[in-house]
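Me: I would like to go through this structure with you, piece by piece. Please keep the answers plain.

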Amino acid sequence: MPSVLKRWRPSVLFLLGGLHWVCGPVGYAADSVTNACRQNPANCALLHGQEAGAAPTVRSGAEIASIAATLRFLSPELKLRIERTLHECAAWADAEVNRRRLGGNEPSRQQCQEVLPKLDPCGQKVTRAMQWGAEKHGLATQCVQEQLDPLIPGRFSLEPRYRYDRQTGQVQWLSPAEVRALLRQDCGKELKGTLVPDVVIHSGNPLQAVSIYDFKFPCPPGNDAAWKTYTQGHANQGLNQGDVYVDALKTEAALVTPRRGVEQRIHP
């Protein structure tokens with residue numbers, strides 16, 4: 001059971017859930033590479049000679065594919081442990097929000113479809129499913145940060161954001177500071193079309209991904225989880241979210257749900 005359970009107290013995640021979901025992830029913690037470097041100078045080597053916190057250089061699709069082939073640092077045992085942790089965090093976050101919002105009951109279809117009376121700060125409608133999903137994502141992310149930091153310090157990122165040009169295969173990682181600045185400008189309009197996986201396991205450089213995971217919290221819980229299809233106006237309109245992750249970062253991607261754990265894995 002995640003140790004974060006023992007220490008967790010109500011936080012602003014419940015107050016800002018709608019904003020987080022609609023206006024884009026703001027990052028619940030700094031990138032783990034920078035965190036690990038600050039805590040232990042020996043981990044700064046993971047930044048590949050770059051200044052801590054600086055964005056890695058843009059890499060082409062061919063470079064990423066070549067790098068990924070040499071970065072399978074995850075043993076089967078370590079990978080299983082990581083994925084078990086992700087499942088436990090998703091299950092805990094799901095149960096915790098249900099406990100606080102619904103007295104421990106699971107949400108009904110009618111409750112999930114209810115539209116909140118107020119629009120979010122970006123002027124968009126928000127359903128209960130969106131609100132609760134954002135809160136569960138926030139707590140799951142908080143749990144993962146605590147559980148993976150001692151296990152693979154500096155080798156994972158939470159809600160990293162990437163610009164991906166499908167025509168050229170070029171991928172750019174945006175630093176958390178740059179993302180925060182852009183989110184404050186016109187509700188993050190400049191970030192439209194970027195990719196934001198929930199958890200990326202990597203070499204120490206977010207552009208050198210080894211595994212990608214997205215949390216899904218179906219509402220009602222009996223619904224099947226599914227990769228999102230990008231809608232009109234997105235740079236990847238009509239394409240499957242997981243397929244785009246794999247195409248961009250040249251490594252596998254999977255969903256993580258409270259009931260089933262890791263599922264719907266997509267391979268390059």
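**Working through the model**

Reply: Buried residues account for 51% of the 268 residues in the protein. Please note that this is a predicted model.

Me: What does the secondary structure come to?
Reply: The protein has nine helices and seven strands.

Me: Of the contacts between residues at least 6 apart in sequence, what share joins residues at least 24 apart?
Reply: That share is 70%.

Me: Let us turn to the sheet. What is the strand order in the open sheet of five strands?
Reply: The order is S1-S4-S5-S6-S7, and the pairing is mixed. Strand S1 (156-158) and strand S7 (261-266) are the edge strands, each pairing on one side only. On average, neighbouring strands of this sheet are turned by 25° against each other, with direction ignored.

Me: In which sense do S1 and S4 pair?
Reply: S1 and strand S4 (residues 199-202) pair in the antiparallel sense, over three bridges. Within that region, Leu 158 stands opposite Val 199 in S4.

Me: Which strands does helix H5 lie across?
Reply: Helix H5 (residues 76-102) lies across S4, strand S5 (209-215), strand S6 (252-257) and S7, and runs at about 35° to S6.

Me: And helix H7, which strands does that one lie across?
Reply: Helix H7 (residues 128-148) lies across S1, S4 and S5, running at about 160° to S1.

Me: Which residues are buried in helix H8?
Reply: In helix H8 (residues 176-183), the residues Val 179, Leu 182 and Leu 183 are buried. Viewed down the axis of H8, its buried residues fall within an arc of 100°, so they line one face of the helix.

Me: Why would residues three or four places apart point the same way in an α-helix?
Reply: An α-helix has 3.6 residues a turn, so residues at that spacing point the same way.

Me: Changing topic: what do S2 and S3 form?
Reply: S2 and S3 form a hairpin with four residues between them. Strand S2 (residues 161-165) and strand S3 (residues 170-174) pair in the antiparallel sense over five bridges. Arg 161 stands opposite Leu 174 in S3. In the turn, Gly 169 has a positive phi of about 80°.

Me: Which residue other than glycine has a positive phi near 55°?
Reply: That is Glu 159, with phi near 55°. Glu 159 is found in the loop between S1 and S2.

Me: Is Glu 159 buried or exposed?
Reply: Glu 159 counts as buried because its relative accessibility is 9%, and buried means under 20%.

Me: What about Gln 264, what is its phi?
Reply: Phi of Gln 264 is near 50°, again a positive value in a residue other than glycine. Gln 264 lies in strand S7 and, at 35% relative accessibility, counts as partly exposed.

Me: Where is the cis peptide bond?
Reply: The cis peptide bond joins Cys 219 and Pro 220, with omega about 0°. Pro 220 lies in the loop between S5 and helix H9 (241-249).

Me: One last residue. Where is Thr 127 found?
Reply: Thr 127 is found in the loop between helix H6 (109-113) and H7. At 18% relative accessibility, Thr 127 counts as buried. Not counting residues up to four places away in sequence, Thr 127 touches Cys 112, Gln 113, Glu 114, Val 115 and Leu 116.

Me: How many residues apart in sequence are Thr 127 and Gln 113?
Reply: Thr 127 and Gln 113 are 14 residues apart in sequence, while their C-alpha to C-alpha separation in space is 5.9 Å.

Methods. Residues are numbered from 1 along each chain as its sequence is written. This is a predicted model: local features need pLDDT of at least 70, side-chain atom pairs count only at pLDDT 80 or more; totals for chains, interfaces and linings use all residues. Side-chain values use heavy atoms; hydrogens and water are left out. Helices (H or I, at least four residues) and strands (E, at least two) are DSSP runs, numbered from the N terminus. Buried means under 20% relative accessible area, exposed over 50%, partly exposed in between (1.4 Å probe, protein chains only). Contact means heavy atoms within 4.5 Å. Two strands pair if DSSP finds at least two bridges between them. Axes are lines fitted to C-alpha atoms, for helices over the stretch in contact, and angles run from 0 to 180 degrees between N-to-C directions. The arc is that of the directions from the helix axis to the C-beta atoms.
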